[in-house]
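Dear colleague,

I am handing over the structure we spoke about, and would be glad if you could look through it alongside the notes below.

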Amino acid sequence: MAERRDPALGQLISVRFKEFIREPEAIFWTFIFPVILAVGLGIAFRNRPPEVQVVGVVAPAGRAAAADSLAASLATSKQLRVARLPDDSAARTALRTGRVALVAVPGDAGAVEYRFDDTRPDARLARLLADDAIQRGAGRADPVRVGERQVRERGSRYIDFLIPGLLGMNIMGGGMWGVGFAIVDARRKNLLKRLVATPMRKSDYLLSFIISRLAFLVVEVVFLLGMAALLFDVPVRGSLLQLGGIALVASLAFTALGLLTVSRAKTIEAASGLMNVVMLPQWVLSGVFFSSANFPQAAQPFIKALPLTATIDALRETMIQGLGWSAVAPELAVIAAWLVGSVLLSLRLFRWR
């Protein structure tokens, strides 16, 4: 039996590759569509500012009272929301990660320094709104001396936010559709029944999907991130090893979830419906195109428990914020729980006929 294992597994993996390569639609949806979507959305949202601008206020040593007065002036504008920042390091991080659009720092003799990225439309708008609020609070006679420090940070643009979301969506779609359709099509044609009657081990058949999926995953991740870096200069601040580890665990989890979804489906229509039921809510809720924090607080525990939310959050924390393994550990735990649960349920529910 051991002698037959490797040749059988190799042949099955070869079949998976050939099935994919012979389907132009699969190549388009896996590699081309995410890039087209990224380019279109990156252009469409390049000049769209948020409705309420967040302004950070830093209190240098000995100027706490001036910072309080500055924050009070900014709070008089309904178009601004004030965020107090403890020091310059926190201000730089907030600007880099897009938590604030502008940082205001009180100076000597009532002066104010603005720090912002002048290539961001929302930062330019926040600068005007903040200055208007400060000047109005000071009597509108422009007695306040102001200075500017232009800070340009990659990672705070919409395209930087979007790419990890598209990558997570692509990992989910590739894992679920790649496994689901192939298994249901083989079951519909009675190929599974014939394969199970051969000396082939059942584990080899399922393992061939996992191995081929991981091979395609490398190409998908490298292609999408490479195009994002080339076209939009999207940064990857964290470890590439960590990024690859997140993508690997997520791919395994979604492959297992796809296997579970079609464990008993007998037609392509049934499989398509089941997978859409699983994936569509995650596309909407998990923060692919906009932050999942926009949904009500009561829904956040459910949203955070979704595998796509955990995947995208971990990817963004790695790519944009440059955080380490300890920061993404909660998200990896959620993904691993879905992986283990899907595998165990699949083993119990999967039918070869």
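This is a predicted model: local features need pLDDT of at least 70, side-chain atom pairs count only at pLDDT 80 or more; totals for chains, interfaces and linings use all residues.

Residues are numbered from 1 along each chain as its sequence is written, and side-chain values use heavy atoms, with hydrogens and water left out.

Helix α4 spans residues 88–97 (helices are DSSP runs of H or I with at least four residues, strands runs of E with at least two, numbered from the N terminus). Its buried residues are Ala 90, Ala 91, Ala 94, Leu 95 and Thr 97, where buried means under 20% relative accessible area, exposed over 50% and partly exposed in between, with a 1.4 Å probe and protein chains only. These residues pack against β1 (53–58), β2 (80–85), β3 (102–106) and β4 (112–116), contact meaning heavy atoms within 4.5 Å. After α4 comes Gly 98, with a positive phi near 80°.

The structure also holds one aromatic pair. The ring centres of Phe 290 and Phe 295 are 5.9 Å apart and the planes stand at 40°, so the pair is tilted; rings of Phe, Tyr and Trp (its six-membered ring) pair if their centres lie within 6.5 Å, with planes under 30 degrees apart counted as stacked, over 60 as edge-to-face and the rest as tilted. Phe 290 is partly exposed at 37% relative accessibility, and Phe 295 is partly exposed at 22%.
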